[in-house]
Amino acid sequence: MRHLRLPVAVAGRLFLPALIVLFSSSVANAQTDSVRLRVAIVGLVHDHVAGFLAQLPRHPDVELVGIAEPDPALQQKYQQKYALADSLFFKDPAKMIEQRRPQALLVYTSISEHRRMIEVGAYYGVSVMVEKPLTISLEDALAIRKIAQDKHIHVLVNYETTWYTSNRAAYEEVPSLGDIRRVVVQDGHQGPKEIGVSPDFFKWLTDPVQNGAGALYDFGCYGVDLMTWLMHGQAPQTVTAVANHDKPEIYPRVDDDSTIVLQYRHAQAVIEGSWNWPFSRKDMEVYGATGYAITVGPDKLRVRHERDHEEQWVTPPALPEPESNSLSYLAAVLRGQVRDSGDLSALDTNVTVMQILDAARESARSGRSVHLSGVGD
């Protein structure tokens, strides 16, 4: 059994239970007293953090109260770009939580650090949202689920595709398509180097220890998440994967192209995650017994049913508030307005996602299909 790894700033201290209760009570009071959710960032090595910092000034649901990042160069980079106050920055996430009392952490570290940062948040009773995927292994996913249950915190996973109106419309179209027979998901871009990610992001993204894999994890996770959602949390019977190294001169340590095949009793999914597309794409095709729904980018859909003479193009409506973006969703979950179970960001969904990704990595390594069993409660 693996013991809880306390944050550096916490290890070695003796906290009386009353102090923990007092801290938890102050967080709960902050939730009811503040209109905007108090959030803090942990890590600046993930380029997606720029999207959050860019939308922060105009976002109605969240307030940034702290940033934990040990690298002074990264701190300076983002501080200057977004005119952030000195008082926001801390080197240690535990000290930041103690002093700034956030209600949620937004984690922008390497994927391998997700478990440790969730453990830090859980120690203080603070919920966490990480960037996709949840973590690097099923072992970590199960440990995260246990600590979230034990400490009564929410753990959420942010995928860009969760907020696509086309994906929601395809999901809602499924009952009219008949039983799902085949799903094809294609995600990726030209490659991290080719699109010009930052050196800090590139360093861990192309490290199999810190990222779990290459394109297999980086973009395969989108399709696995979508298929798990479409199948209402059901895991496939088998997982078969192949991973290519088409550009070893750029990505010598990780795959840059992948295909994952998920076999269910009466359905199949083919998930193509790649750093070798000629352009960025995130598309999904859902084929049922009586029709299909094909997403075209984030906001278009092609639909055809068995009695239609031709397919129809659909422009889906906007997603309902507060489910239109990750931060409003996070705030709604913590306020009890949205139940985070069975959806694209939910922990239960993403434990299954990690079971599948872990199996896909093993299948690609061994050249054999992996048969899955339940991950338990």
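Alanine 83 sits in the loop between α3 (72–82) and β3 (89–90). Its phi is near 50 degrees, a positive value in a residue other than glycine. The model is predicted.

**Positive phi angles**
- Alanine 83 counts as exposed because its relative accessibility is 71%, and the cut-off for exposed is over 50%.
- Histidine 232 also has a positive phi, of about 55 degrees, although it is not a glycine.
- The loop between α12 (220–230) and β8 (238–244) holds histidine 232.
- Histidine 232 has 64% relative accessibility, so it counts as exposed.

**Cis peptide bonds**
- Lysine 132 and proline 133 are joined by a cis peptide bond, with omega near -15 degrees.
- Proline 133 lies in the loop between β5 and α6.
- The peptide bond from glutamate 321 to proline 322 is cis, and its omega is about 5 degrees.
- Proline 322 is placed in the loop between β14 (312–314) and α13 (326–334).

**Helices α4 and α5**
- Helix α4 spans residues 93–100 and helix α5 spans residues 114–123.
- They pack at an angle of about 30 degrees, with axes 10 Å apart.
- Angles under 35 degrees count as roughly parallel, so α4 and α5 are roughly parallel to each other.
- Their crossing is right-handed.
- On the α4 side, Pro93, Ala94 and Ile97 make the contact. On the α5 side, Met117, Val120 and Gly121 do.
- By class, this contact has five nonpolar residues, one polar residue and no charged residues.

- Helix α5 is largely enclosed by the rest of the structure, because nine of its 10 residues are buried.
- The buried residues are His114, Arg115, Met117, Ile118, Glu119, Val120, Gly121, Ala122 and Tyr123.

**Serine 198**
- Serine 198 is in the loop between α8 (192–195) and α9 (199–205).
- Its relative accessibility is 11%, so serine 198 counts as buried; the cut-off for buried is under 20%.
- The side chains of serine 198 and aspartate 47 are joined by a polar contact of 2.6 Å.
- Serine 198 is in contact with Asp47 and Lys77, leaving aside its neighbours within four places in sequence.

Methods: Residues are numbered from 1 along each chain as its sequence is written. This is a predicted model: local features need pLDDT of at least 70, side-chain atom pairs count only at pLDDT 80 or more; totals for chains, interfaces and linings use all residues. Side-chain values use heavy atoms; hydrogens and water are left out. Helices (H or I, at least four residues) and strands (E, at least two) are DSSP runs, numbered from the N terminus. Buried means under 20% relative accessible area, exposed over 50%, partly exposed in between (1.4 Å probe, protein chains only). A polar contact is a pair of N or O atoms within 3.5 Å; within protein, one must be able to donate a hydrogen and the other to accept it, and residues adjacent in sequence count only if both atoms are side-chain atoms. Contact means heavy atoms within 4.5 Å. Axes are lines fitted to C-alpha atoms, for helices over the stretch in contact, and angles run from 0 to 180 degrees between N-to-C directions. Angles under 35 degrees count as roughly parallel, over 145 as roughly antiparallel, 65 to 115 as roughly perpendicular and the rest as oblique. A crossing is left-handed if the near helix is turned anticlockwise from the far one by less than a right angle, and right-handed if clockwise. Ala, Val, Leu, Ile, Met, Phe, Trp, Tyr, Cys and Pro count as nonpolar, Asp, Glu, Lys and Arg as charged, and the others, Gly among them, as polar.
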